[in-house]
Amino acid sequence: MPAVQETIDKVKAIDVDQYKYGFVTDIESEKGAKGLSEETVRFLSAKKNEPEWMTEWRLDALRRFQQMEEPEWARVSYPKIDFDDLYYWAAPKSVEGPKSLDEVDPELLATYEKLGIPLSEQEILAGVEPKNRVAVDAVFDSVSVVTTFKEELKKAGVIFCSISEALREYPDLVRKYLGSVVPVTDNFYATLNSAVFSDGSFVYIPEGVRCPMELSTYFRINEQNTGQFERTLIIAEKGSYVSYLEGCTAPQRDENQLHAAVVELVALDDAEIKYSTVQNWFPGDKNGKGGIYNFVTKRGDCRGKNSKISWTQVETGSAITWKYPSCILRGENSRGEFYSIAVSNGYQQVDSGTKMIHLGKNTSSRIISKGISAGRSQNTYRGLVSAHRKASNARNFTQCDSLLVGQDCGAHTVPYIESKNASAQFEHEATTSKISDDQMFYCQQRGLSDEEAVALIVNGFVKDVIQQLPMEFAVEAQKLISISLEGSVG
Amino acid sequence: MNASVPIKHTQAESDLFNRFERAKDALPGSVAVAALREAALNQVREKGLPHRRVEEYKYSDLRAFLKSAAPLADVADISAARAVLVAQDTFGELDRYKVVLANGIYLEDLSDAAALASEGATVTNMSDALAGEHSAQLLGSPKAGPNDGVIALNTAFVQGGVVIEVKAGATLSKPVELVHVATSTGAQVTRNKIVLGKGAKLRLLESFVGDTGEGELNAVFDYDVADNSSLAATRLIVGRTDAARLLTTIAKVGAQAELKSLGFVAGMRFSRNQQFVEFKGENSEAKIYGVTMAGGDDLADQTLIVDHAVPNCNSREFFKTVLDGRAKGVYQGRINVAQHAQKTDGEMMTQALLLSEEAEMANKPELEIFADDVICAHGATSGQIDEDLLFYLRARGIPEDEAKTLLVLAFLSEAIEEYGEDNVTEGLEARVRGWLAGH
């Protein structure tokens, strides 16, 4: 069954030429020298007043990176990136070290305001407490501009700051966990990131603490010819809980820009981390010109017993996405979840999915992935579910569906399911193309037309993913909610 | 990684190169065929045997498995071939025609060529065909696997085989068994082309008997299923051997045609049954079934690519795997749907049952879809025997071993029964029982 008109309209509404965040902030900025070299790394490290061990760590990564070859297995194609033609450091001039909110350049505040990210804490001071408060770490090109609600979080014992600040203030914590989930040499882009990461967020939730508000990082690439390499590290101590949101946009430019981030999550005994992303990088124009190359390594380590990590992503941006948020289920009874909606339009290429690696006993995971491709885009789900020898009673359920809108796009599914333990029970399916006759009959009997019935049933279905998103992201995700999938293919 | 650096050849690869030098003058074929052989061997020279870094062989590392390569088997003695056929009769009482390949070469004296001719089917010796006109076309590769390493090995060393042509409109009264016989140890490499004329019907049986010793068996079956024709192919890869069993199907399916196949694999140390099915005409159907049993240190690989290159075709892929010991099962399936192949209906299912703690299963059911008005679904499951079912049977007085056997049979029967061809498959239950009892 082909996609219905409503779906086509909805997808069109978020087509690449409708990109709303393509403006450029006119702000004086300082850049490091072009090119990737030891000097670049030393410059970066010095710029951030990093401890000696960190500089060495980066240099080691750089040396390893220079020995590596770019991976070619993903179903994406793009001209070779010239890593020596990039700036690895770009920061608004007005930002010199951490500042309080009222010292931040108003131009920057206006930028975030325009993006719908309020960076002010004023409402609270005025006594008008909004229903859902979110602490935001705003990253502009290579630096964190401001982190809100820091003091209030501190009272709860929660550390939420830029990773640069964490390296100065909490070096032991960073040193203990950095690279422990995504090793320096994990893959080509992770190694590059390890060498040149500029900023990102650091979150530490102490034992037994439930983080009092949502934490959020908003990434904005503004400068030209600049790669953004952020690094995020989240540690949830025993029995703690945190919900973390991530958003990203970039101006509309003709050339491609590189974004190679690494996100590491560590959940100890009974801890839970909920990580949500609305990825809306500039996808390129309707002729496929420009756009962000989003080559991201995201991995969570369920290190403790009964720990839980859940990834939720709504992906609409980027010219090329190469991203597999994964869970290492090490602790007994730990649980990993992955919920994803990836919509591709124009000439976008998406190769995304997840890895659930079951190492511990009684671990369970769930994967729900919906891919919608339109225009001339290619949308690939690539996933791995594996149970190792000792992962007795591991459970996985995977459902990955895709929908094509139009004749010039492609949807692909590449699942790897590896079981090395007999008691591991894996189920993988893709069945959305069939809405059950019973459900249809039930709706029609109550006076709904075919279209309405299908929309109702399917929307209920997509909500599997949407309802995993925190309220704050609902607005951005809203336009996707009603996309129906009735013509989908497995 | 870097193509310009020559690889270090393994013992088996060196053996293969030596084998080629010794055998090439005696191998059949025209000048064009000889050139194809050289090119195929050069591919092995440059890339080595297929190994785990090659995506298609990620789970079935032939390069690591083959420690050495035996010479090609010598020409068979007729009476020896007859003796093996009597001793090992894969299809028993089933009434059928036989086409016999002994040590890789067509043996007309033991084949029912005359009877087949009277029903409209001709059998040609592949060795002769390879020497004739258009010979190079007999050694084609599938569109979806142009550089496959196992097919390259086949092309380099092909000793013989048959071309069976069923004329348009002919329906054979009995199935045809194409049997590979080994009378002495050594590698067997064959290429077989089955051509169905328009509206023809053929039930083909493929079997392999005798002991090849350390020698690998590499057989390629090329099915040409013309418009309105129908082919049911049952392939039984049974009888314990420690040598590699490498089977390839390259099928082209015309319009309003039907292809049905069952690949039944039990007790092979290293097997790969790979199938490339391409739809060339509309409104056709392909039903591909696989049943695999592996124990000990076996590796059993079922690989399948179904290429929906034209609109309005259906395909069903249903694979069952039972694993015991430290065995490793592999299923790699892919459904390709071309951009204009609208109204494609594809459904792929792979299910594995693990009987032991140390067995491993790797499932990779892929979809690659470029058309927007299609239904494609796939599923994959793996797990152990359901304790509740086992309890249910035991509570009714059935001993544990028998209860397990019943559940394994029930599990595998789903695919076998759906395949149909009852008179051909009725002996399979005994084979499953035999494997369970004795592997």
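Let me start with a loop. Asp270(A) sits between strand 11 (262-267) and strand 12 (272-279) of chain A, in the loop that links them. Keep in mind that this is a predicted model. Asp270(A) is not a glycine, yet its phi is positive, about 60 degrees. Is Asp270(A) buried or exposed? It counts as buried, because it has 21 C-beta neighbours inside 10 Å, and the cut-off for buried is 20 or more.

Asn228(B) lies between strand 8 (217-225) and strand 9 (230-237) of chain B, in the loop. Its phi is near 60 degrees, a positive value, and Asn228(B) is a residue other than glycine. Asn228(B) is buried too, with 21 other C-beta atoms within 10 Å.

Now chain A as a whole. The secondary structure comes to twelve helices and 24 strands. Chain A has 490 residues, and 56% of them count as buried. How far along the sequence do the contacts reach? Take contacts in chain A between residues at least 6 apart in sequence: 84% of these join residues at least 24 apart.

Next, strand 20 of chain A, residues 364-374. This strand is mostly covered, with nine of its eleven residues buried. It has a parallel pairing with strand 17 (residues 335-344) of chain A, over ten bridges.

The contact between the chains takes 31 residues from chain A and 30 residues from chain B. Which elements of chain A give two or more residues to the side that touches chain B? They are strand 22 (395-405), strand 23 (410-419) and strand 24 (425-430). Strand 23 of chain A supplies the largest share of that side, ten residues. By class, the side of chain A that touches chain B has 14 nonpolar, twelve polar and five charged residues.

Strand 23 of chain A also pairs across to the other chain. Its partner is strand 18 (residues 360-369) of chain B, in the antiparallel sense, over six bridges. One pair to find on screen: Ser419(A) stands opposite Met361(B) of strand 18.

Now two helix pairs. In chain A, look at helix 2 (residues 38-47) and helix 3 (residues 52-67). They pack at an angle of about 155 degrees, and their axes are 10 Å apart. That angle makes helix 2 of chain A roughly antiparallel to helix 3 of chain A, because angles over 145 degrees fall in that class. The crossing of helix 2 and helix 3 of chain A is right-handed. Helix 2 of chain A makes the contact with Glu38(A), Val41(A), Arg42(A) and Ser45(A). Helix 3 of chain A brings Met54(A), Thr55(A), Arg58(A), Leu59(A) and Leu62(A). By class, this contact of helix 2 with helix 3 has four nonpolar, two polar and three charged residues.

In chain B, take helix 8 (residues 387-395) and helix 9 (residues 400-419). Their axes come within 9 Å and cross at roughly 130 degrees. Helix 8 and helix 9 of chain B are therefore oblique to each other. Their crossing is right-handed. From helix 8 of chain B, the contact uses Leu389(B), Leu390(B), Leu393(B) and Arg394(B). From helix 9 of chain B come Glu400(B), Ala403(B), Lys404(B), Leu406(B) and Leu407(B). The classes in this contact of helix 8 with helix 9 are six nonpolar, no polar and three charged residues.

One last stop in chain B. Ala131(B) belongs to helix 6 (residues 126-131) of chain B. Ala131(B) is partly exposed, with 14 other C-beta atoms within 10 Å. What does Ala131(B) touch, leaving out residues up to four places away in sequence? The answer is Pro28(B), Gly29(B) and Ser30(B). Val33(B) is 98 residues from Ala131(B) along the chain, and their C-alpha atoms are separated by 7.9 Å.

Technical notes: Residues numbered from 1 in each chain as written. Chains lettered and ligands numbered in written order. Predicted model: local features only at pLDDT ≥ 70, side-chain atom pairs only at ≥ 80, totals over all residues. Helix = DSSP H or I, 4+ residues; strand = E, 2+ residues; numbered from the N terminus. Buried ≥ 20, exposed ≤ 12 C-beta atoms within 10 Å, placed from the backbone. Axes fitted to C-alpha atoms, helices over the stretch in contact; angles between N-to-C directions. Parallel < 35°, antiparallel > 145°, perpendicular 65-115°, else oblique. Left-handed = near helix turned anticlockwise from the far one by under 90°. Contact = placed C-beta atoms within 7 Å. Nonpolar A, V, L, I, M, F, W, Y, C, P; charged D, E, K, R; others polar. Pairing = 2+ DSSP bridges.
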